[in-house]
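The tour goes through pockets, then a sheet and its helices.

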Amino acid sequence: MHILDRFRDPEIGRGLLEKVSELAGRAQEKLGRPPVFMEVCGTHTVAVSKAGLRGLLDGKLELRSGPGCPVCVTDYGDIDAMVAFGRLPGVTVGTFGDMVRVPGSRTSLEREKARGADIRVFYSPADAVKWAQENPERQMVFLGVGFETTAPAVALSVAQARALGLFNYSVFTVHKVVPPALRALGSDPEMKLDGLILPGHVSAIIGRRAYDFIAAEYGLPAVITGFETLDIIDALYNLLQQLLSGGPARVENGYTRVVKEEGNVRAQEILDRFFEITDVSWRGFGTIPGSGMELKPEYREFDARSRFAPEVEEPRIPAGCRCGDLLKGKLTPRECRLFAAACTPSHPVGPCMVSSEGACAAFYQYERRSAAG
């Protein structure tokens with residue numbers, strides 16, 4: 001049997017789900033309401049929706065989505081700046097696919113492309129470097145979007161460009177660091193969470209220890225887990241056991257086949273070598289201290305902010321868009337009045353309906369019928 005087959009066994013899943021339901025009932029008696037857990041990672045959000053876990057556990061526990069979709073948390077001002085780069089003469093903007101359709105204040109990269117801007121989608125930053133090498137007459141600005149998981153590859157693209165002597169490749173980095181956003185959540189007096197399901201991909205880079213503050217400072221149980229349905233059910237079981245135990249909260253690693261205590265030290269060294277930590281704005285959160293990564297001064301020649309200075313209009317938030325509140329776990333997609341009405345995958349108002357990791361997109365694809373019913 002392949003190792004992953006154990007995490008896809010329906011019999012094991014049914015048995016574990018029954019235990020989760022039983023523990024959730026006991027937790028509900030203890031709390032006087034259903035326990036509320038947040039899946040921080042966008043990939044977990046999609047897995048939860050795809051497996052129908054929210055519906056299976058409806059009335060027993062509540063799952064809320066968090067700020068773990070890198071495209072979704074990119075602020076309006078940053079998207080407007082990306083659009084502004086695309087309007088500069090001689091500049092080509094390179095990006096991962098999801099970002100192209102995300103609306104900014106007034107337009108999107110997709111619409112700018114339709115108007116003649118040179119916007120290109122790449123599968124990796126290395127592909128963007130290769131394109132820059134083959135097109136020396138154009139300036140390539142690559143959009144560095146994502147958390148600790150994707151930032152090392154972008155950093156290495158800078159190293160590659162320097163090694164090749166390219167002066168037409170630069171990065172507009174809006175990379176973000178996850179732990180400060182979790183601190184922002186933990187410090188929010190309006191948050192009513194009973195536990196966190198922590199991201200598997202980011203944790204593979206930063207390690208389990210990086211989250212110890214969640215239990216120590218906020219008393220929140222937390223579990224790192226993988227992306228199979230059984231991984232997530234097991235994380236719920238673990239969180240409920242912690243809630244019912246009456247003991248101190250812990251941060252546990254349920255994804256030991258990938259995540260180590262200290263994380264990926266090599267990747268952390270790359271991040272430290274190329275980036276310095278800065279304050280950046282997150283959609284829905286505003287500025288979170290120490291939550292962004294920008295290139296260090298010794299790499300500023302590859303920093304698009306330093307190389308270009310496009311004019312960026314004052315950001316304007318579309319009326320009624322609740323993506324910011326959704327990313328803070330304050331509502332579910334069905335509680336947004338635009339969901340599946342004015343905001344759909346073919347006409348998205350906010351990024352949560354665009355990104356492949358967006359909660360609204362996942363909910364629309366897998367849970368819309370139950371939402372309507």
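Which elements each supply at least two residues of the lining of the second largest pocket? Select α3 (53-56) and β2 (62-68): these two do. Keep in mind that this is a predicted model.

Stay at this pocket. It holds about 270 Å³ of space. Now pick Arg54, Asp58, Gly59, Glu62 and Arg334. Of the 13 lining residues, these are the closest to the centre of the second largest pocket. Colour the lining by type: 4 residues are nonpolar, 4 polar and 5 charged.

Next, move to the largest pocket, with about 400 Å³ of space. Its lining has 23 residues, and the closest to the centre are Pro70, Gly146, Phe147, Thr150 and Glu357. Select β1 (36-41) and α9 (200-206), which each supply at least two lining residues here. This lining divides into 12 nonpolar, 9 polar and 2 charged residues.

Now show the sheet. Four strands form an open sheet in the order β4-β3-β5-β6, with parallel pairing. β4 (118-121) and β6 (169-173) stand at the edges with a single partner strand each, so one side of each has no neighbour in the sheet. Neighbouring strands are turned by 25 degrees against each other on average, direction ignored.

Zoom in on β3 (91-95) and β5 (139-144), which pair in the parallel sense over 4 bridges.

α7 (151-164) lies across β5 and β6, at about 160 degrees to β6.

Terms used. Residues are numbered from 1 along each chain as its sequence is written. This is a predicted model: local features need pLDDT of at least 70, side-chain atom pairs count only at pLDDT 80 or more; totals for chains, interfaces and linings use all residues. Side-chain values use heavy atoms; hydrogens and water are left out. On a 1 Å grid over the protein atoms alone, a cavity is a set of points where a 1.4 Å probe fits but cannot get out, and a pocket is an open set with protein on both sides within 12 Å along at least five of seven lines; lining residues have an atom within 4 Å of a point. Grid points are joined across faces, edges and corners, and a volume is the space filled by probe spheres set on the points. Ala, Val, Leu, Ile, Met, Phe, Trp, Tyr, Cys and Pro count as nonpolar, Asp, Glu, Lys and Arg as charged, and the others, Gly among them, as polar. Two strands pair if DSSP finds at least two bridges between them. Axes are lines fitted to C-alpha atoms, for helices over the stretch in contact, and angles run from 0 to 180 degrees between N-to-C directions. Contact means heavy atoms within 4.5 Å.
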